[in-house]
Amino acid sequence: MIHVYLDDYRPTPAGFVGAPDAAACIALIDAHEIGLLSLDYDLGWGQPTGLEVAAHLVESGRYPQEIYLHTSSPSGRERMHHLLSQHAPRHVRIHNRPMPEELILQIAAEQG
C-alpha cells in the first residue's frame with residue numbers, strides 16, 4: 001500500500017509517492033492500493049485538474065482509505081468534495097482540508 005500526493009508545485013512529503021499531474025495520479029491509483037490520497041485541484045494552466053482524478057475514483061471504484069483535499073482553490077476543493085462525498089463508499093474518509101502536520105510527520109516516520 002502506498003500514499004499518494006498529487007501536486008504540480010508543492011514538494012511531496014516524505015513517505016508519499018508524488019504525482020505531478022492527473023495522468024500520473026490515475027496511473028498510480030490503477031496500479032496500487034492507496035492508503036491515503038491528498039489532492040490538489042489546479043495542476044497547471046490548461047491541464048486536467050484534481051477533479052479529473054476524483055471523477056476517475058468514482059468511475060473506477062478504486063478508492064483509497066482516506067482522501068485529503070489540500071488545494072488552495074476554494075471552488076476546486078468544493079467541487080472535488082461534493083463529487084467524492086456523493087459517491088464514495090461509507091468507509092472512505094474524506095477530509096475537506098489539507099492533512100494535519102502531525103499526520104505528515106507520522107507517515108514520514110512510518111515509511112522511514
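**Before selecting**

The model is predicted: local features need pLDDT of at least 70, side-chain atom pairs count only at pLDDT 80 or more, and totals for chains, interfaces and linings use all residues. Residues are numbered from 1 along each chain as its sequence is written, and side-chain values use heavy atoms, with hydrogens and water left out.

Helices (H or I, at least four residues) and strands (E, at least two) are DSSP runs, numbered from the N terminus. Two strands pair if DSSP finds at least two bridges between them.

**Stop 1: the sheet**

Display the strands as a cartoon. They form an open sheet of five strands in the order β2-β1-β3-β4-β5, with parallel pairing. β2 and β5 (93-95) are the edge strands, each pairing on one side only. On average, neighbouring strands of this sheet are turned by 15 degrees against each other, direction ignored. Axes here are lines fitted to C-alpha atoms, for helices over the stretch in contact, and angles run from 0 to 180 degrees between N-to-C directions.

**Stop 2: strand β1**

Select residues 2-6, which make up β1. Are they buried or exposed? Five of the five residues are buried, so the strand is largely enclosed by the rest of the structure. Buried means under 20% relative accessible area, exposed over 50%, and partly exposed in between (1.4 Å probe, protein chains only). Show the side chains: Ile2, Val4 and Leu6 point one way, while His3 and Tyr5 point the other way. In a regular strand the side chains alternate between the two faces of the sheet.

Three bridges join β1 to the parallel strand β2 (residues 17-19). Within this pairing, Val17 is the bridge partner of Val4, and Gly18 stands opposite Tyr5. With β3 (residues 34-39), β1 pairs in the parallel sense over four bridges; there, Leu39 is the bridge partner of Leu6.

**Stop 3: strand β4**

Select β4 (66-69). Its parallel pairing with β3 comprises four bridges, and Glu66 stands opposite Leu36. Glu66 and Tyr68 point one way from β4, Ile67 and Leu69 point the other way, and all are buried.

**Stop 4: helices α2 and α3**

Select residues 50-60 (α2) and 74-87 (α3); their axes come within 9 Å and cross at roughly 5 degrees. The two helices are therefore roughly parallel to each other, given that angles under 35 degrees count as roughly parallel, over 145 as roughly antiparallel, 65 to 115 as roughly perpendicular and the rest as oblique.

Which residues meet here? Gly50, Leu51, Ala54, Ala55, Leu57 and Val58 of α2 meet Arg79, Met80, Leu83, Leu84 and His87 of α3. Contact means heavy atoms within 4.5 Å.

Now select the buried residues of α2, namely Gly50, Leu51, Val53, Ala54, His56 and Leu57. Their cover includes β1, α1, β3, β4 and α3. Just after this helix, Gly61 takes a positive phi of about 75 degrees.

Returning to α3, note that this helix lies across β3, β4 and β5, running at about 160 degrees to β4. His82 lies in α3 and, at 48% relative accessibility, counts as partly exposed. A distance check from His82 to Leu6, 76 residues apart along the chain, gives a C-alpha separation of 18 Å.

**Stop 5**

Select Thr49, in the loop between β3 and α2. Thr49 is buried, with a relative accessible area of 19%. Not counting residues up to four places away in sequence, Thr49 touches Ala22, Tyr41 and Leu43.

**Stop 6: the nonpolar core**

A nonpolar core is a set of buried Ala, Val, Leu, Ile, Met, Phe, Trp, Tyr and Cys residues joined through side-chain atoms within 4.5 Å. The largest core has 25 residues, of which Val4, Cys25, Leu37, Leu39 and Val53 touch the most other members. The elements giving two or more residues to this core are β1, α1 (22-31), β3, α2, β4 and α3. The largest share, five residues, comes from α1.

Finish on Leu39. Not counting residues up to four places away in sequence, Leu39 touches Leu6, Cys25, Gly50, Val53, Ile67, Tyr68, Leu69, His70, Thr71 and Met80.
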